[in-house]
Amino acid sequence: MDNTWFFEEKLANADPDVSQHIAAEESRQRSQIELVAPKNYLSRAAREAMGSMVVFATIEGYPGKRYHAGVENFDAIERLAIDRAKVMFGGGHANVQPHSGTQANQAVYFAVVRPGDTVLSMELSAGGHLSHGLKSNLSGCWFETVSYGTTRDGFIDYDAMEQLARKHRPKLIIVGGSSYPRAIDFARVSQIAKEVEAKTLADVSHFSGLIAAKEYPSPFPHIDFMTSTTNKNLRGPRGGMIVTRDAEFGRKIDSAVFPGIQGGPHPNVIAAKAVCFGEALKPEFAEYASRVLNCARKLASGLGSRGYQIVTGGTDTPFAMVDLRSKGLTGDVAQKALEDHGVTTNRNLVPHDAEAPNVTSGLRMGTSAIAARGMGEAEASGLAELIADVLDRIGGVTPGSSVKVDPAIAGKVSAMASTFPLYPNSTMSRWI
């Protein structure tokens with residue numbers, strides 16, 4: 001039987017329906033400005049690793065201790081990823097196998113606590129993450145979650161955290177999350193944890209790239225476990241990782257990941273992680289991370305000068321949190337209006353938010369992707385003006401309604417996207 005077609009036929013011929021949707025998505029990404037905080041792009045080198053024949057490997061287990069033959073080359077790749085992760089964050093042990101940040105968090109739970117134990121973590125609307133104990137998440141179903149929040153101005157209330165820790169004696173205290181825009185006092189958290197004999201976890205998914213570039217405080221040596229996604233401002237593939245402060249925690253973490261919560265990892269994703277970790281150790285990455293942070297601050301200050309309330313008054317992270325309540329707007333309407341003009345953001349809960357999670361009173365705007373395209377502070381300032389121009393037009397629009405697109409604003413967004421092209425010499429769908 002001739003199987004040539006299986007190895008040679010292109011996607012456009014083999015499955016035109018899927019091919020058309022991919023082409024449409026490529027067009028969207030090229031023509032729009034991406035401010036959704038978790039989104040970013042891979043380097044050409046990382047894309048090549050992602051789409052290489054490594055994807056066909058089966059690598060259940062760890063380097064030197066696999067359950068299948070034919071893994072020698074991949075063992076070398078995973079060891080590179082592990083070693084680079086340890087150097088990036090100054091950790092004692094690293095596990096690069098988690099499929100996501102959520103699974104990285106689950107592995108720490110599996111290693112440290114048992115069902116029914118108490119965990120102290122940040123409330124979702126204050127900036128936490130669903131995998132830190134939301135009732136509808138596995139972490140909230142199996143463990144008792146006590147939540148700390150923020151002061152009225154949006155900063156972590158460390159005094160309240162300390163009081164809750166003393167009262168509930170948690171086994172694990174979690175800091176970090178998805179929408180807290182300020183630097184965390186890891187030393188203070190460690191102090192609180194030691195008093196109640198709790199372990200500590202810092203979920204740094206949204207600012208791990210800044211930590212690697214020393215633009216944000218490191219959790220170590222204060223925190224026991226650090227988890228992160230590997231996309232966002234690390235500019236890697238979608239996936240997760242765990243780094244521990246001390247090597248002694250490594251065995252527990254490795255057992256928690258495999259066979260604890262997953263089977264075989266994704267070899268092509270780990271290969272791409274190794275590439276992006278290597279890129280993060282180069283001097284050029286420090287310049288990128290600095291630009292990410294400067295752009296976020298410029299975006300926040302620009303919107304603030306136009307009368308939009310910025311949570312905590314600024315940011316130490318790659319994103320700015322905009323509180324729309326003083327403008328009488330909701331996040332869902334604002335998100336849709338901006339997307340219609342070519343700027344993608346995401347509606348987000350803000351501290352003490354009374355709106356539902358699918359409505360929200362805020363917007364989260366990240367700068368990791370625009371910085372990867374080469375944009376800087378001037379473009380961030382220009383975007384702040386364009387965003388404010390769109391939002392100023394929304395007054396009186398009810399949820400579910402559309403805002404008429406202003407061609408002039410949409411044209412400026414499109415022109416900015418064209419000035420900073422994605423993969424200018426190849427189509428995004430051509431992996432290798």
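User: How do the axes of α14 and α16 cross, and within what distance do they come?
Analyst: Bear in mind this is a predicted model. The axes of α14 (residues 331-340) and α16 (residues 377-392) come within 10 Å, crossing at roughly 120°. That angle is therefore classed as oblique.

User: Is that crossing left-handed or right-handed?
Analyst: Right-handed for α14 and α16.

User: Which residues meet there?
Analyst: From α14 you've got A334, A337 and L338, and they meet I387, V390 and L391 of α16.

User: OK, what about α8 and α9, what's their crossing angle?
Analyst: Roughly 15°, with the axes of α8 (residues 158-168) and α9 (residues 186-196) coming within 9 Å. So α8 is roughly parallel to α9. Their crossing is right-handed.

User: And which residues meet in that pair?
Analyst: On the α8 side, Y158, D159, M161, E162, A165 and R166; on the α9 side, R188, V189, I192, E195 and V196.

User: Switching to α5: what span should its 18 residues have?
Analyst: At 1.5 Å a residue, α5 (residues 72-89) should span 26 Å, and its end C-alpha atoms are 27 Å apart, so the two agree.

User: Which α5 residues are buried?
Analyst: F74, D75, E78, A81, I82, A85, M88 and F89. They sit on the same side of α5, because they cover an arc of only 160° around the axis.

User: What's exposed on the other side?
Analyst: E72, N73 and V87 are exposed over there.

User: What follows α5?
Analyst: G90, with a positive phi near 65°.

Methods
Residues numbered from 1 in each chain as written. Predicted model: local features only at pLDDT ≥ 70, side-chain atom pairs only at ≥ 80, totals over all residues. Heavy atoms only, no water. Helix = DSSP H or I, 4+ residues; strand = E, 2+ residues; numbered from the N terminus. Expected span 1.5 Å × (residues − 1). Buried < 20%, exposed > 50% of the residue type's maximum accessible area, 1.4 Å probe, protein only. Arc of directions from axis to C-beta. Axes fitted to C-alpha atoms, helices over the stretch in contact; angles between N-to-C directions. Parallel < 35°, antiparallel > 145°, perpendicular 65-115°, else oblique. Left-handed = near helix turned anticlockwise from the far one by under 90°. Contact = heavy atoms within 4.5 Å.
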